[in-house]
Amino acid sequence: MLGEDFVEKVDAEFCRKNGDGGDVEFGEGTIQRHGGSRCEKMAKVSASVELILDTIKCPAEKKECVVMASNRVYTLQEHPGKSQCLHKPGMWLRVAALELRSVDLQSPRNNKEHHTREMGLKRLIVRRGQSFELQLHFNRPFHFGADYLTFVAETGPAPMELLGTRATFSLTQARKGNVWSAFDFTIDTNSLIVSLFTPANAVIGPYSLKIEISQDQGHSVAHPLGTFILLFNPWNAEDDVYLPSEILLQEYIMMDYGFVYKGHERFITAWPWNYGQFEEDIIDICFEILNKSLYFLENPSKDYSQRNDPVYVCRVVSAMINSNDDNGVLQGNWGEDYSRGVSPLEWNGSVAILRQWSARGRQPVKYGQCWVFAAVMCTVMRCLGVPTRVVSNFRSAHNMDGNLTIDTYYDQNAEMLPTQKRDKIWNFHVWNECWMIRKDLPPGYNGWQVLDPTPQQTSSGLFCCGPASVKAIREGEVHLPYDTPFVYAEVNADEVIWLFGDGQAQEILVHNTSSIGKEISTKMVGSDQRQNITSSYKYPEGSPDERSVFMKASRKMLDPRRASSPFLDLLGSRGSEDQPAQLQLHLARTPEWGQDLMLRLHAWRVPDRVHPRGPIRLLVRFSAQALLHQGETREPLWRQTVHLNLDFGQEIQWPLLLPHDNYRNKLTDEKLIRVSGIAKVEETGRSMLVLKDISLEPPHLSIEVSKRAEVGKALRVHITLTNTLTMALSNCTMVLEGSGLIDGQISKNIGTLVAGHTIQIQLDLYPIKTGPRQLQVLISSNEIKEIKGYKDIFVAASRAS
């Protein structure tokens, strides 16, 4: 309120009009009239004078008085000890300088409206292209037109307006378009409620906000207002990450758990994963990641200025999730020794990984493989506001020479041979898709973009991959950035399998145009089911469109100066001609780890006129090898030879037994076996190949909850595991995780589980947040690293007791 302590100041115009000498009443005091230079000096004093036009209300107790001056209403302080009101029409008021007393950023309300409430309510976290409100408390009412407010928002080192890291904007009555604005204000006594708008192409990151106050365009005084974090906004049609579906936004931004698909194409396993992007410290770690990139270290101001572009940000994150060039988040390990860290199979979620990276001075966390890299990147990108999903590609090609063929070699004993070539076929490979507009590409390539943080090859000098438009991959437009040829080969390369002997490739066993890029999978929207998205990456295998795209891509990827290549020669050759018989391997029963494996060879004659109708003799040599994730194998762990006589029109079912003792201590942690057979047709001298990849099922984990889940109330969880193996599981540990259910992790040692025995564990959880949640449980032992289970739990708000 205004009163006796008003700052005295003379208005320049008033001073000039009344500069002829004499006294002017000013409340209880007087100001000498003056002219000339003294008037000009007085005009620079930081206050103003206003003439009282009317006394609206002055109660008898004279505690405060309401008057109108210069068309503005003032509530004045009491005039103690006076018998009558001093504030009469025609008297002059001394108006105080506007001073900021406090600020309310209204974080709970703003965060809810900006879909960031899950990140916490204590600090302001907003999305670009959307206004938010704050409330300023002053020492007196704000007067638009006489009091001038200028807001300043800054992010990054050495912020500059030219770089988009500093914005200066004045209070206006209406917003001016897609620019920083302060508008739509409401005056409530000494408070000012104002809306701030950030443009939809603003730089994301942590901002400091301050206000500069001046009166009558005079000297300004700056006051800090606090800080806020600005994120991408997929709810806003002007943002490059706009996704026009609330159902999809709930899945690809707001869902903090999901599944990663592993295994092989005929036995796909859903691994639960805790993304945890809304845990309160994760957003800070995400910006730590950006600030440790080589791009930032080389030129911090330039790096910050490009953080308005999701293409740039995704590319930086892709490089920083792996540690190959920098102190990125995860160190890869595709060997078998994880003694200096954690096996990639033993992670339940991203939160523990990100927290460990930050807490240990940004040193790479040990260890990751493709699904861990992709899952952590999904956490970071969803946290920053880019719609993201995790995608698994089964039988994924790693084509380093760009010729669109992957060569594999077997000897006559059906043993897959190691190769010096870097080309491989991974059992599966996991990457990300991020949703965005691609202004750097021709029209038509917006939408899902492949980003792969697993360090496979360099891109512009760093180990990163993407964004590559999924639409460009499907159409074979491999010339479009970024890294589209590499991703195209992962899903579309041809596989050529050779019979190798006497130091050279002797015969093409298989030229397969459809064996790579199988069952491309992601979590289904709003469901725990798997969705097959192969059709978004390529036309149906064997269709004219698919082969046409393949040839278009191959011509672009191969050196145009070369008239031919071994690959094009192969496509033009007869390759592997039709054989007089066909072979298939089948499992006779579900393959369980710790049990004998029962297989069946199915052989039959091909009824056509090309081959003679008489019987043929087959010598079939079988080999079984442990299969590594990257498609390599170990020494054979089982061999068998079968002689078959196959008459015309005849079918044979031949049983095969692979005893448990043969593979007991010879598998990798992933428990994968490749059984291969090479059959030599004695009549023709040619060979045939038959393959079967087997994924062994671990024991089943059961999780049940006893009652309705409520925030803060004990929720009893029952976990049951039966050891169905023929051996004990030793040194068993259990880890529980689940954002909104558990703060961090719960770990428990559960000792040894004897063969055939069942262990039951009960414990209480105290849910933290409402809504759909997922509890992930991992039990690990010396014998099996990953026995995983999950339970979907809906948490209700706490009921009053």
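## A walk through a predicted chain

Seven of the 10 residues of helix H5 are buried, so this helix is largely enclosed by the rest of the structure. The model in which helix H5 is seen here is a predicted one, and the buried residues of H5 are Ile282, Ile283, Ile285, Cys286, Phe287, Ile289 and Leu290. Helix H5 spans residues 282-291, and it packs with helix H9, residues 351-359, at an angle of about 60°, the two axes being 10 Å apart. That angle makes H5 oblique to H9, and the crossing of the two helices is left-handed. On the side of H5, the residues that meet H9 are Ile282, Ile285, Glu288 and Ile289, while H9 brings Val351, Leu354, Arg355, Trp357 and Ser358.

Asp281 is placed in the loop between strand E17 and H5. Asp281 counts as partly exposed because its relative accessibility is 27%, a value that lies between the limit of 20% for buried residues and that of 50% for exposed ones. The side chain of Asp281 is joined to the side chain of Arg355 by a polar contact of 2.9 Å, and Arg355 is also one of the residues of H9 that meet H5.

Strand E17, residues 267-274, is joined by eight bridges to strand E16, residues 257-264, and the two run antiparallel. A hairpin through two residues leads from E16 to E17, and within this pair Gly263 stands opposite Ile268 in E17.

The next stop is another set of paired strands. Strand E10, residues 147-154, has six of its eight residues buried, so the strand is largely enclosed by the rest of the structure. Eight bridges join E10 to strand E14, residues 205-215, in an antiparallel arrangement, and here Phe151 stands opposite Ile211 in E14. E10 also pairs in the antiparallel sense with strand E11, residues 166-170, over five bridges, and Glu154 has Arg166 in E11 as its bridge partner. In the loop between E10 and E11 we find Ala158, whose phi is near 45°, a positive value in a residue other than glycine. Ala158 is exposed, because its relative accessible area is 52%.

His115 is partly exposed, with a relative accessible area of 24%. As for the peptide bonds, a cis bond joins Lys366 and Tyr367, with omega about 10°, and Tyr367 lies in strand E19, residues 365-368. The peptide bond from Pro481 to Tyr482 is also cis, with omega near 0°, and Tyr482 lies in the loop between helix H11 (470-475) and helix H12. In helix H12, residues 484-492, eight of the nine residues are buried, so this helix is largely enclosed by the rest of the structure; among these buried residues are Phe486, Tyr488 and Glu490.

Is Ser676 buried or exposed? Ser676 is buried, because its relative accessible area is 0%, where the limit for a buried residue is under 20%. A polar atom of the side chain of Ser676 lies 2.8 Å from the backbone oxygen of Ala414. Leaving aside neighbours within four places in sequence, the contacts of Ser676 are Tyr410, Ala414, Arg621, Phe622, Ser623, Gln625, Val690 and Leu691.

An open sheet of five strands comes next, with the order E39-E45-E44-E41-E42 and mixed pairing. Its edge strands are E39 (709-710) and E42 (745-753), each of which pairs on one side only. Strand E41, residues 729-737, is joined to E42 by seven bridges, and these two strands run antiparallel; in E42, Ser747 is the bridge partner of Val735.

Finally, the whole chain can be considered. The protein chain holds 16 helices and 45 strands, and buried residues make up 53% of its 801 residues. Among the contacts with a separation of 6 or more, 65% are between residues 24 or more positions apart.

Methods. Residues are numbered from 1 along each chain as its sequence is written. This is a predicted model: local features need pLDDT of at least 70, side-chain atom pairs count only at pLDDT 80 or more; totals for chains, interfaces and linings use all residues. Side-chain values use heavy atoms; hydrogens and water are left out. Buried means under 20% relative accessible area, exposed over 50%, partly exposed in between (1.4 Å probe, protein chains only). A polar contact is a pair of N or O atoms within 3.5 Å; within protein, one must be able to donate a hydrogen and the other to accept it, and residues adjacent in sequence count only if both atoms are side-chain atoms. Contact means heavy atoms within 4.5 Å. Helices (H or I, at least four residues) and strands (E, at least two) are DSSP runs, numbered from the N terminus. Two strands pair if DSSP finds at least two bridges between them. Axes are lines fitted to C-alpha atoms, for helices over the stretch in contact, and angles run from 0 to 180 degrees between N-to-C directions. Angles under 35 degrees count as roughly parallel, over 145 as roughly antiparallel, 65 to 115 as roughly perpendicular and the rest as oblique. A crossing is left-handed if the near helix is turned anticlockwise from the far one by less than a right angle, and right-handed if clockwise.
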